[in-house]
Amino acid sequence: MKVLRFGRAAAVISVAALALTACGSDNATDAPAGEAGPAESTAAVSGTLTGAGSSAQNAAMTAWQSGFQSAQSGATVQYSPDGSGAGRDAFLAEGVQFAGSDAALDDEEYEASKEICGPDGAINIPAYVSPIAVAFNLPGIESLNLDADTIASIFRGEIETWDDEAIASQNEGVELPSTAVTVVHRSDESGTTENFTEYLAQAAPEVWTDEASGEWPSAIVAENAQGTNGVVSTASSTEGAVTYTDASAVGDLGQVHVLVGEEYVELSSEAAALAVEAATPVEGRSEVDMSLELERDTEASGAYPVVLVSYHIYCSTYEDQETVDLVKAFASYAVSEQGQEDASGSAGNAPISETLREQAQTAIDSITVAS
């Protein structure tokens with residue numbers, strides 16, 4: 001395997017580099033950009049760049065738009081937070097020039113991307129790393145310990161009240177109410193849903209018998225809401241609710257500590273880093289593609305496996321030099337140290353590591369005009 005395929009498992013994310021801040025933000029899609037720094041770009045670009053996708057990414061995107069446009073007065077970036085699946089669909093339909101997605105293109109989507117992006121297809125570039133919170137609304141209870149089988153049983157609707165023995169046995173001393181469990185899931189196709197169900201399918205395969213998917217299983221009837229803000233808002237207003245969401249959006253909801261090996265692991269940037277370090281590259285892609293497969297059933301001490309790597313998806317080639325220059329300038333800013341600081345300050349995500357930034361820049365530099 002060539003170096004540019006990134007041999008990525010051990011060096012993908014540096015624990016020291018993942019300084020997750022502001023994880024208590026209760027609004028992942030409407031947070032203000034804050035004081036974005038100047039875009040790190042050596043030449044002026046102009047035009048309008050259009051994107052769509054992940055709603056969990058929208059607060060970071062707001063910061064990227066502000067920072068990039070403040071340095072590139074002739075450029076505009078438009079982004080529609082319609083959900084990861086909708087963003088990938090729009091990208092493959094040539095409705096937008098890039099997509100934001102909490103899951104990389106799957107094999108079928110990657111093959112389809114060759115029709116619009118040329119023989120090397122699209123490039124998946126990590127934009128940030130974020131744990132997914134398993135979040136609940138039980139007044140007076142800030143955290144609960146749960147194993148994967150119990151989490152899966154809750155979301156399948158098989159555990160109906162919060163004082164169920166399966167929960168109580170893992171939370172000795174916690175006064176659990178008899179409140180009914182109300183599961184809240186994403187109504188739209190979502191990369192967060194895909195990452196969460198992938199965790200359930202791998203870590204609790206005997207309970208969660210559905211395949212991982214960006215769409216919630218139709219056979220499991222529960223409350224639903226559109227986008228990151230939608231599920232958090234619904235859960236926050238519903239006593240007894242439980243949902244899954246990007247960690248930056250969890251707000252005042254309680255959070256589950258997940259059993260990994262023999263210990264319950266709290267959501268944190270360091271714990272997410274340990275999980276991502278076990279990731280392996282997706283095979284069959286271009287040499288500069290950076291999509292990763294995460295080991296959800298890891299037993300690595302201190303790892304938090306309910307995590308997503310959120311991507312920007314670009315074509316390997318575009319039709320004209322002006323578009324190429326605009327794409328490369330924005331993409332470079334987003335993964336730069338300044339861009340990552342701006343996003344983290346706005347969205348509370350974990351910045352990608354220096355090693356990953358360097359690899360991302362190599363991928364961005366490879367984007368060219370179609371021949």
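## Overall make-up

The structure is a predicted model. The chain holds eleven helices and 15 strands. Of its 371 residues, 56% count as buried. Among contacts in the chain with a separation of 6 or more, 78% are between residues 24 or more positions apart.

## Two helix pairs

Two packed helices are described by the angle between their axes and the distance between the axes. The table gives these values for two pairs.

| Helix pair | Angle between axes | Distance between axes |
|---|---|---|
| H9 and H11 | about 175 degrees | 10 Å |
| H2 and H3 | about 35 degrees | 9 Å |

Helix H9 covers residues 321-335 and helix H11 covers residues 354-365, and their axes make an angle of about 175 degrees. Angles over 145 degrees count as roughly antiparallel, and H9 is therefore roughly antiparallel to H11. On the H9 side, the residues in this contact are Lys 328, Ala 331, Ser 332 and Val 335. H11 brings Arg 357, Ala 360, Gln 361, Ile 364 and Asp 365. By class, the contact of H9 with H11 has four nonpolar, two polar and three charged residues.

The other pair, H2 and H3, packs at about 35 degrees. Arg 88, Phe 91 and Leu 92 of H2 meet Glu 109, Ala 112, Ser 113, Ile 116 and Cys 117 of H3. The residues of this contact divide into five nonpolar, one polar and two charged.

Glu 109, one of the H3 residues in that contact, sits in a helix that spans residues 107-117. Glu 109 counts as buried because its relative accessibility is 13%. Apart from residues up to four places away in sequence, Glu 109 touches Arg 88, Leu 92 and Ala 104.

## Pockets

How much space lies in the largest pocket? The volume is about 340 Å³. Its lining is made of 19 residues, and Ala 104, Glu 194, Glu 198, Leu 292 and Glu 293 lie nearest the centre. Helix H6 (191-203), strand S12 (292-293) and strand S13 (307-315) are the elements that give two or more residues to this lining. H6 gives the most, with four residues. The lining of the largest pocket has eight nonpolar, three polar and eight charged residues. Ala 104, listed among the residues nearest the centre of this pocket, is also a contact of Glu 109.

The second largest pocket has a volume of about 230 Å³. Its lining includes Phe 91, Glu 94, Val 96, Gln 97 and Ile 116.

Is Glu 94 buried or exposed? At 61% relative accessibility, Glu 94 counts as exposed. Its phi is near 65 degrees, a positive value in a residue other than glycine. Most residues other than glycine have a negative phi, and most peptide bonds are trans.

## Covered helices

Helix H4 (residues 148-155) is mostly covered, with seven of its eight residues buried. The buried residues are Ala 148, Thr 150, Ile 151, Ala 152, Ser 153, Ile 154 and Phe 155. After H4 comes Gly 157, which has a positive phi near 85 degrees.

Helix H7 spans residues 227-236, and its buried residues are Gly 227, Thr 228, Gly 230, Val 231, Val 232 and Ala 235. Among the elements covering these residues are strand S6 (182-186), strand S7 (223-225) and strand S8 (241-246).

## A strand residue

Thr 76 belongs to strand S2 (residues 75-80). Thr 76 counts as partly exposed because its relative accessibility is 32%. Leaving aside neighbours within four places in sequence, the contacts of Thr 76 are Gly 47, Thr 48, Leu 49 and Gln 69. Between Thr 76 and Gln 65, eleven residues apart along the chain, the C-alpha separation is 7.7 Å.

Notes. Residues are numbered from 1 along each chain as its sequence is written. This is a predicted model: local features need pLDDT of at least 70, side-chain atom pairs count only at pLDDT 80 or more; totals for chains, interfaces and linings use all residues. Side-chain values use heavy atoms; hydrogens and water are left out. Axes are lines fitted to C-alpha atoms, for helices over the stretch in contact, and angles run from 0 to 180 degrees between N-to-C directions. Angles under 35 degrees count as roughly parallel, over 145 as roughly antiparallel, 65 to 115 as roughly perpendicular and the rest as oblique. Contact means heavy atoms within 4.5 Å. Ala, Val, Leu, Ile, Met, Phe, Trp, Tyr, Cys and Pro count as nonpolar, Asp, Glu, Lys and Arg as charged, and the others, Gly among them, as polar. On a 1 Å grid over the protein atoms alone, a cavity is a set of points where a 1.4 Å probe fits but cannot get out, and a pocket is an open set with protein on both sides within 12 Å along at least five of seven lines; lining residues have an atom within 4 Å of a point. Grid points are joined across faces, edges and corners, and a volume is the space filled by probe spheres set on the points. Buried means under 20% relative accessible area, exposed over 50%, partly exposed in between (1.4 Å probe, protein chains only).
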